[in-house]
Amino acid sequence: MTTLPITPETITRVTLDNGLTILVRDNPNNASVTLRGRLRAGGLYDTDKTSGLAHFATAALQRGTRKRTFQKLNEELDRRGMSFGVGAGMETIGFSGKSLVEDFDHLLNLAADVLMHPVFPKVETEKLRQELLADLKEADDDTHHVAYREFRALCYPKTHPYHRLSDGRAETVKRLTLADLSDFHARYFRPDVTTIVIVGDVRAGDAIAKIERALGKWRTRGKPAEHTLPDVPPLKQNARKVSALAGKMQADLVLGHAGIRRTDPDYYALSIGDLIFGRLGLYGRLGANVRDKQGLAYYVFSGLEANIGAGPWAVRAGVNPKNIDRAVDGILAEIVRFRSEPVTQDELDEARDFVTGSLALRLETNDGVAATLGDIELFSLGLDYLQRYPSIIRAITAEQILAAVQKHVQIENYALTIAGPVSQ
Amino acid sequence: MNNIREECLDNGLKILLKSVRTAPVATFWVWYRVGSRNEVPGITGVSHWVEHMMFKGTPTLGKGEIMRLVNRNGGSDNAFTWTDFTAYYETLPSDRIDLALRIEADRMVNSLFDPTEVASERTVIISEREGAENEPRFWLAEEVGAAAYKVHPYHHDTIGWKTDLETMTRDDLYHHYKTFYAPNNAVIVAVGDFDADEMLQKIADAFGNLPRGKDAPSVTMVEPPQEGERRVLLRRPGATSYFLAAYHGPRATDPDFLPAFVMAGVLAGVGGMSFSGHSSPGRSSRLYRALVETGLATDVDCGFRATIDPGTIDLSATVRPGVPIRKVEAAIFAELDKIAHKPISESELATVIKQVKSQFVYATDGVMNMGYWLGMLEIVASYQMYETFLDNLMQVTKADVQRVAQKYLIATNRTVGWFEPANGKPGRGR
C-alpha cells in the first residue's frame, strides 16, 4: 500500500450548483479525515475605522449557531475528539478540522452549521470581545508583534489594507457592533467564494455527496465582492521606527519593503533567491554571516509573503540592544551582495534540490496534502501543478534570480523597525 | 501499533525500528539519555549548548555541511534538548535515508568543539535566552521551577542560568559531550519506508564499530517531599498578570501516571499529542469553563509531561487585564478541590479516552510523529508504553482519578507563582 503521487487523476474536483468548490483526495492509510477550507474574503475588506472586523466576526462564528450554543459546540468537539476552527487572515478566511473517519459526518455537520448559521449571541460575543482586547494588550507588549506591526505601517500607505494587521486595534474592536459582525457574515460568507478540501480515508463520491447534503442549501444573492488588493507605491526614502518596550532583554527588528504578488512572473526566481539569502539550512547566507560568523543573533531570516497582494519581503532578527547597529550592517551588507553578484551554482543546486526533493516530505501527511491542494486552488495553479513544479524550479537560473533581486529587492528606500529595550 | 522491532548492538546501542510503507519517506532519530537533568551548578545549560555544537562540524563534515547535505537531499533535520533527553533527527525521502546514518554515526563521536566556534555560539545561546526573557511566562516558569525543586536538577530550565552561559568553558562542553555521547547512552529510532532487516544491517554497519563508552553517571539527587506551600512573586514590566501553580506529580513509570494524565485531561482537555502539536481546544473542560467563560482569564491550561523523575502538574493561566490574580487563583483551587472531593463523571472519563484515541490516530499520520513518540517514551519509561497506552488508559477508573487528585493536588505539595506587571497599578494584594 503506497501513496499514489498526486496527479490530476487522484484528485476529485467538483463545483456544486451554489458555486462551492470541493477537492477530495483519498488516503486510506490513516483512519482520520482532514478538512480544510478557504473563503476569498478577509481583513482586506476592513477599513481604518473597522480594523479587526473580519477577525472578530470570524472568531465569533463559533460562539453560537442556530443549532448549537457555544458550550454545546465545544462539548461536541471534545466528546468526539474532533477539532474545528475558523479564523480570518488578511487575504482569506480559513477553516480547518480533523476527526476520526467514524465521526466525519458529525464534523461536516458542525462545520456547515458554523459557516452558514452563526447567531452572534450577545453575551458570548461580548466575552469574545474582551478576549480579543486582552490579546491586543498582550500583543502590545510583544516585541515580535510590535516590530512587525510598525513595519507594515511604514511600508504600506494608510489606504492599503496591508498597512494594518488583521487583528485590528483596541479602539476599533471596542466599537464594532453585533450588527457589524452579522453584516460581515451575511456579505462575505458565501459558497461561491469557498473551497473545501478533504483528505483522508473517504471515497470521493461519498464525501462530495455528504458535503452537498451539509452545504448544498447554502445560498447567497448577487455577486461576490472583488477579491483584489491595490498596487503598492515604493517608499521614497528609508523609514525607521523604534518602539521602546520596558522590561525586555532583546530587541526584535524587521527590515524590508513591499514585495511582489504570487502571480508575478518573477515569483519563482525571487523565492528561490530568498531561500538562498535567508532561509536555507540555518537561515541561508544571513544565518552564516549574522548568526554563525558574528554570533549576533539566535534567529535571523528573510521571508517573501507573495500573496493575492504584494506582501512584504523582509528580514527579521532578534538581537541584544547593543548589537543592533552591527546586525543591521551585516544584513545590509548581505543585501548589497545579493543585488550585485549572482548566486553560485552550488547555492542554486542546493536550493533547487531542496524544494523539489522535499515535496515528498510536504505531502506525507493529510494536513500537508490538504494545505498544498488549498494553495493550488487559491492561486489557480492547476491540478497538474505538482507534476510541473520540479521543471519550473529546475529551469530557474542564477541570472534570472539576479535580475529578479535587482528589480524587487532594495538597498535604499527600505523600512526598519525595532522593538525592545531601546530608547526612542 | 505493532511490528516495532527492538534490537541492541554489542556496543550497547539500542535500536527501535518500525517499517511504514505508506509514503516514500523515512525518519531517523538518535536520542541521547542526557538533558538538563544531568547538569550540575556552574554548567547549567551545557546539554543544550552541546546540541548546538553538534552542527558545527567533525573532521569529515565541515561546519554547516550537515544541513547542506540534508537540504540537497530534500530532507529536513533538527534537534532539541529537554530535561531528560537530547534528540536529533533527519527526515528524508526514503531512498536517501543512508545520509542520516552517516551524519549521526559521525557526530556521535567525532564532533570537534572548535574553540572559535564555541566562542561565537556563546552569544547565540545568550541571545536565545534573552529572546525567551522577553516573555513574562518564561520568567514565571523559571522562578516557579527553581522554588519547586531545591535538590533535584529539574530546579533549572534547559536553557541554563545566564551566568553559567557567560562563564562555561569549551572544556566543560567537550567533557559533557564525551561523558554522555556514546552508543550505550543512545537510542536509535527509525520509522518509515524501509525493510527492517536491511535497515538493521545498515545501522550495524554505520554504528557497530563505535566504541562503548563508560557508563554515564546516574542522577542521584532525589527531591525530598515538600512540607508546605511555597510562593514566589515576580514583579516585572508586562501587559497583564500570569498565574502558575506546580504540584509535584508522578514520574512516567509510576502507576499513578495514567490516572494523573486523565485528571489533567478532565481539567483542561487532552492537548496536542503529536510532535507538531495539533491541539484540541479543550473548551468543554472544567478549567476553561471556570476561568475563561467567567471572564477571569484569557487562557488556562494543565500541563503534565511524562518524565524520568517525578515532574510537576502545572496549572497556568493568563489573567484577564484588570482582574486580581487572587481571584484566578481561588477559582483554580476551587476546581482542584472539586476533582479531589467528588468523582468525575462517566462522560468526562469517556471524553478523555476518546480524545486520546483520536490523538493517537492523528499522531500516526506521518513518520515524524511516530519517531518522536517511540523515542520520547523509550527515554522516560519504555517504548512499549506507546503500544499499551490506550488499553491501560481504558483501565483507569473514576476512583483512580479521585485518588490521585487527593494525593497530589494538595496545598502543601504546591509552589504558587504570581507574575504582576510592575508598570500597571501596584500590587492589589492577595
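Partly exposed, the label used for several stops below, means a relative accessible area between the 20% under which a residue is buried and the 50% over which a residue is exposed. A:Lys210 has 25% relative accessibility, so A:Lys210 counts as partly exposed. Keep that label in mind. The model on screen is predicted.

**Stop 1: a bridge within chain A**

Select A:Lys210 together with A:Asp105. Their side chains meet in a salt bridge, 3.0 Å from N to O. The two residues lie in distant parts of the chain, 105 residues apart. Look for A:Asp105 in helix H3 of chain A, and for A:Lys210 in helix H8, residues 204-215. A:Asp105 has a relative accessibility of 41%, so A:Asp105 is partly exposed too.

**Stop 2: another bridge in chain A**

Now select A:Asp201 and A:Arg203. Here the side chains form a salt bridge with an N to O distance of 2.8 Å. How exposed is each partner? A:Asp201 is partly exposed, at 23% relative accessible area. A:Arg203 is partly exposed as well, at 41%.

**Stop 3: where the chains meet**

Show both chains and colour them separately. The interface holds 8 salt bridges. It also holds 36 residue pairs in polar contact, both residues at pLDDT 80 or more.

**Stop 4: a bridge across the interface**

Select A:Asp103 and B:Lys354. They form a salt bridge, and their closest N and O atoms are 2.6 Å apart. This pair crosses between chains. A:Asp103 sits in the loop between strand E5 (93-100) and helix H3 (104-116) of chain A. B:Lys354 sits in helix H12 of chain B, residues 346-363. Are these two residues buried or exposed? Both A:Asp103 and B:Lys354 are buried.

**Stop 5**

Next, select B:Lys56 and A:Asp292. Their side chains meet in a salt bridge of 2.6 Å, N to O. Over all chains, the count of salt bridges comes to 66.

**Stop 6**

Return to chain A and select A:Tyr283. This residue is in helix H10, residues 280-293.

Then go to A:Asn413. Where is A:Asn413? It lies in the loop between helix H16 (398-408) and strand E11 (415-420) of chain A. A:Asn413 is not a glycine, yet its phi is positive, about 60°. With 27% relative accessibility, A:Asn413 counts as partly exposed.

**Stop 7: a buried strand residue**

Finish in chain B with B:Thr415. This residue belongs to strand E11 of chain B, residues 414-421. Its relative accessible area is 0%, so B:Thr415 is buried. Which residues does B:Thr415 touch? Leaving aside residues up to four places away in sequence, the contacts are B:Val144, B:Ala147, B:Ala148, B:Gln226, B:Arg230, B:Leu244, B:Ala245 and B:Ala246. Select them with B:Thr415 to see the surroundings of this residue.

Conventions
Residues numbered from 1 in each chain as written. Chains lettered and ligands numbered in written order. Predicted model: local features only at pLDDT ≥ 70, side-chain atom pairs only at ≥ 80, totals over all residues. Heavy atoms only, no water. Helix = DSSP H or I, 4+ residues; strand = E, 2+ residues; numbered from the N terminus. Buried < 20%, exposed > 50% of the residue type's maximum accessible area, 1.4 Å probe, protein only. Contact = heavy atoms within 4.5 Å. Salt bridge = Lys/Arg side-chain N within 4 Å of Asp/Glu carboxyl O. Polar contact = N/O pair within 3.5 Å; in protein donor to acceptor, adjacent residues only side chain to side chain.
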